[in-house]
Amino acid sequence: MTSTSLRPPLSGRIDWRRVVRRHGWTIGIVVLLVAFALYWRSSTSVPWGPFDVQSLAIDALPLAFVAMGQAVVIISGGVDLSVGSLMSLVNVLAAKEMAHMGYTSAILYALGLVVLGALIGSVTGAVIVVTGVADIIVTLAGLFVLGGCALAVLQVPGGAAPLRFQSLVTLDTVGTRWLPSAFVILLGVYALLWLTVRRRRLGLALYAIGSNRDRAYLAGVKVARTRIVAYAFSGAFAALGGLALTAASGIGDPNSGSIYTLNSVAAVVLGGVSLLGGVGGLIGPIAAALVLTLVKTVMIIKGVNQNWAQVIQGSLIVIVVMIGGLAIRQKGKTG
Amino acid sequence: MTSGGGGDAAPASPLLHAEGLRKSYGPVIALRSADLRVEPGEAHALLGANGAGKSTLVKLLTGVVRPDAGTIAVHGRPVRAASPAEAARFGLAPVFQDPALVPDLTVAQNLRLTGADVDAVRTRLRALDLDLDFTELASDVPLPLLRMLDLARALSRDPSLLILDEITAALPSDLAERVFAVMREQCDRGGSVLFITHRLKEVIATCARATILRDGGAVATIAPREGGESEIVSHMLGDQAVAAEVAKAERVTVREAEAERPADGEVALAVSDLRGGAVDGVSFEVRRGEVLGIAALDGQGQDELFAMLAGEQGVGGGTVVAGGKPLKARHPFDAIRAGVVYVPADRLHALLPQRSVRENIAAPRYNRLRRWGPINMADEGRRVARAIDALQVDTRAQRQVRRLSGGNQQKVTIARWLASGFDTMLCFDPTRGIDVGTKRQVYALLRDLAAEGSAILLFSSELAEFPLVCDRVLTLYGGRVTAEIPGAAADEATLLEAMHGLSEGAA
């Protein structure tokens, strides 16, 4: 008697209800993004062109990168408050040295900085794992330490980046003028760094330790190592964010990253990653980074006072997360 | 039974041999010195009362925690597993009480996470006559099926020793039967099973030998089929003569208090056909002046019963009448207002650990105050002082409750209700982890409260407490009341029998 057997495995058909149940938030945030984009388009008086898309890409790229890294850490059940300072550090390191470099060596140097970011992240993770001090404290300390390092490298804004390196983010397009290469780079990094690991044991382990650390341990997951890897991801993505800042602004500024620490958490939360860990993906936070950037752009166009713009942005985050939370609770009630 | 599972080791060596395993957590010794010998091709039971050290032993064997002393040998070779993953490499495959499946991953992802062969697991599940959608999230799969999945995953590794920790506790009987069939197959092909359970009938039906733990040591290895349940129970209890002697001495104080008990007080709390969670139709009454005991093995519905009465969990069905009025508690506030108060086992769960003793005792009183008015500090001080006095709370460390000893913390959780007043007190394992002296004070206190006209419902994991404190004892098994035993007759053997669902006493 198979009284306890569940419904048979689906034969290749897509269960749309389940897709909505599992990815509802990501779908929702993408819809929100499209809605904002349409509103943005209708609210400009001058004709809307590729230039607007390019400027959105320039503005959003640093936040999108750092949000991806933050998402990985939060999915694994931690949090990384040091990302803003790491972005500043990479930004000043890049601007200080790259100015005199050719394009190829600038790219190689940039890759080196990404590796450096991953290393700094691993050290942060290792400190958390070895000392047992709460992640929020260790990474907060990291925020100060790395911020200090950035100031030691460059006291005042300065330096420069090769023009060709800058144009990767600010000018180049792929195929059509409507597709800035910044977006292609973003998706390329997503594919290279995340799609390659997400479905493998490492990616599953990241979700597992965020979902239930004890059970993951009992299932044989190497919890300490996986936590360190999560911070390495965060470090690498923060470094990419710092490079994006360098390309976008063309200079190094030791305080350039400071706003990104909390903005990355905001984008992650808005992107449907549970602060409790184990739930969510990276597409949501990327879309959320675009939404947050768009909101700012739209409000500038509308001539909203900067201070009120902050209030509106904050309210938006709370409202969206609240609606999402209510939807989840409703689902729990109806089963 | 063959001994073919020995591989390249000498045929005489046991499949698993643990010697002198010791483990302590801080000052608490969980395992004193345990020996365990499992032969190839046998199903071996591991038995013991709550806290005897069973789960600690399993954790040591499977590399979840490391022993302080002692050795573990598999096929005669000493092994040291530093993690569950490593233990798996030695051929030990555990199925834990809490399934080791991560809730936010799908079934297939969970399997890949542990490097299990998805197809092999599916085949094993089919062999168990079960099928499920592997793209389902583990959190959406019902618990019994998760257990079977965990079992199938363990089997897919072709383990030499299958360790089943309380696997049947949450399984319906048809699935439990399939587990027993798996155990037989495992033995037939030369492997072994270590079977941990509270259900003695299952042990007798399935296991050739059993090792019994008591107080952190292995006291005997017996053949359950020969001695039967009574032999198992007597080993689990140990030297009853000593315990009886202690009990007699203590009972004197309790019986003194009993003399003052108002005869047949009014019903303070009446529960009829209560359902919800594991609770499956429980009915009883507690009268003023009475201490009613609830005895049960782990997970027989006692947690949910207390949570529902305390208003922490919604009621699935049935009625609760408190002080003559129907009580539909949606929140602890409702229960407290109806005079039903709760003393949980985890004291820090109830207290505000970083606040002072005074604030902790006074906290529930704030319920009754005018919402916005100032707090009458003098009155509060008097009430708190009276409660502290009555309970002899050691207040040397009163600035922060978390600095108090466990026993004193427990007194504070009771004292807060003294200060605010109540009709029925629900005590869930109130003496867990506190020393003998304080325990005695708690017993005397519960009797005093009853003598003053309160009704008390007491769950305890220490069976010796029941005859000391209770007027009547109900045993729960499978979410139902299986027996009602007068306090004086509630010795451990009687209770254990009823708790295992063996006696068919009138409910």
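Visitor: Which pattern does chain A follow along the sequence?
Guide: In this predicted model, chain A reads α-α-α-α-α-α-α-α-α-α-α-α-α along its sequence. Its secondary structure comes to 13 helices and zero strands.

Visitor: And what radius of gyration does chain A have?
Guide: The value for chain A is 21 Å. A compact globule with 335 residues would have a radius of gyration near 20 Å, so the two agree. Along its principal axes, the C-alpha trace of chain A spans about 75 × 55 × 40 Å.

Visitor: How many of the residues in chain A are buried, as a percentage?
Guide: Of the 335 residues in chain A, 46% are buried. As for contacts in chain A with a separation of 6 or more, 81% of them are between residues 24 or more positions apart.

Visitor: Now the interface. How many residues of chain A are in contact with chain B?
Guide: There are 26 residues of chain A in contact with 28 residues of chain B. Helix H8 (201-211) and helix H9 (213-218) of chain A each supply at least two residues of the side that touches chain B. The largest share of that side, six residues, comes from H8(A).

Visitor: What is that side of chain A made of, by class?
Guide: The side of chain A that touches chain B has 15 nonpolar, eight polar and three charged residues.

Visitor: Let us turn to chain B. What is the strand order in its open sheet of six strands?
Guide: The order is E16-E17-E18-E13-E19-E20 in chain B, and the pairing is mixed. Strand E16 (340-343) and strand E20 (480-486) of chain B each have a single partner strand, so one side of each is left without a neighbour in the sheet. From one strand to the next, the twist averages 20 degrees.

Visitor: Which helix packs on the sheet?
Guide: Helix H10 (residues 302-309) of chain B does, touching strand E13 (291-295), E16, E17, strand E18 (455-459) and strand E19 (472-477) of chain B. The direction of H10 makes about 150 degrees with that of E17(B).

Visitor: How is E17(B) joined to E16(B)?
Guide: Four bridges join E16(B) to strand E17 (residues 424-428) of chain B, and the two run parallel. Tyr342(B) has Leu426(B) as its bridge partner in E17(B), and Val341(B) stands opposite Met425(B).

Visitor: And in which sense does E17(B) pair with E18(B)?
Guide: E17(B) and E18(B) pair in the parallel sense, over five bridges. Here Met425(B) stands opposite Ile456(B) in E18(B).

Visitor: Is E17(B) mostly covered or uncovered?
Guide: E17(B) is mostly covered, with five of its five residues buried. Thr424(B), Leu426(B) and Phe428(B) point one way from the strand, while Met425(B) and Cys427(B) point the other way.

Visitor: One more topic: at what angle do H5(B) and H6(B) pack?
Guide: Helix H5 (residues 143-155) and helix H6 (residues 173-188) of chain B pack at an angle of about 10 degrees, and their axes are 11 Å apart. Angles under 35 degrees count as roughly parallel, and H5(B) and H6(B) are therefore roughly parallel to each other.

Visitor: Which residues make that contact?
Guide: H5(B) contributes Pro144(B), Met148(B), Leu151(B) and Leu155(B), and H6(B) contributes Leu175(B), Val179(B) and Val182(B). By class, the residues of the contact of H5(B) with H6(B) are seven nonpolar, no polar and no charged.

Terms used:
Residues are numbered from 1 along each chain as its sequence is written. Chains are lettered from A and ligands numbered from 1 in the order in which they are written. This is a predicted model: local features need pLDDT of at least 70, side-chain atom pairs count only at pLDDT 80 or more; totals for chains, interfaces and linings use all residues. Two residues are in contact if their C-beta atoms, placed from the backbone, lie within 7 Å. Ala, Val, Leu, Ile, Met, Phe, Trp, Tyr, Cys and Pro count as nonpolar, Asp, Glu, Lys and Arg as charged, and the others, Gly among them, as polar. Two strands pair if DSSP finds at least two bridges between them. Axes are lines fitted to C-alpha atoms, for helices over the stretch in contact, and angles run from 0 to 180 degrees between N-to-C directions. The radius of gyration is taken over C-alpha atoms; the globule rule is 2.2 Å times the number of residues to the power 0.38. A residue is buried if 20 or more other C-beta atoms lie within 10 Å of its own, exposed if 12 or fewer, and partly exposed in between; C-beta atoms are placed from the backbone. Angles under 35 degrees count as roughly parallel, over 145 as roughly antiparallel, 65 to 115 as roughly perpendicular and the rest as oblique.
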